[in-house]
Amino acid sequence: MNKKLKTEAVDSLFQAVLHLRTMEECYSFFEDVCTVNELLSFAQRYEVARMLRDGRTYLEIAEKTGASTATISRVNRSLNYGSDGYDMIFARLKEEESKDN
């Protein structure tokens, strides 16, 4: 974990996020907390990470998401050298999906 990120304010924000219960609550909360562009950027980076983990090329990802190669590279660096947050979520989603099938 990045020590610069760990603050009381960030802890408080994450506690609030952990209390969201539905997709609609997520939309309401994040619309209030983020600008439209910030939220779309979060979503784009998540989609880029998912596509990278699926083995897609930078060109495919750029065409589908509109992300720049700089953004794709930054997300790829997070996947390879980050805090494993993306992989944790991908594993949980895969586990949930296999339970549903």
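Helices (H or I, at least four residues) and strands (E, at least two) are DSSP runs, numbered from the N terminus. This is a predicted model, in which local features need pLDDT of at least 70, side-chain atom pairs count only at pLDDT 80 or more, and totals for chains, interfaces and linings use all residues. Residues are numbered from 1 along each chain as its sequence is written, and side-chain values use heavy atoms, with hydrogens and water left out.

Reader: Which helix holds E24?
Author: Along the sequence the protein chain reads α-α-α-α-α-α. Residues 23-33 make up one of these helices, and E24 lies there, in helix α2.

Reader: How many helices and strands does the protein chain have?
Author: The pattern along the sequence is α-α-α-α-α-α. The count for the protein chain is therefore six helices and zero strands, by the DSSP runs defined above.

Reader: Is E24 buried or exposed?
Author: Buried means under 20% relative accessible area, exposed over 50%, and partly exposed in between (1.4 Å probe, protein chains only). E24 has a relative accessible area of 56%, so E24 is exposed.

Reader: What percentage of the residues of the protein chain count as buried?
Author: The protein chain has 101 residues, and the buried share is taken from these. By the cut-off of under 20% relative accessible area, that share is 15%.

Reader: What share of the contacts with a separation of 6 or more comes from residues 24 or more positions apart?
Author: Contact means heavy atoms within 4.5 Å. In the protein chain, the share from residues 24 or more positions apart is 37%.
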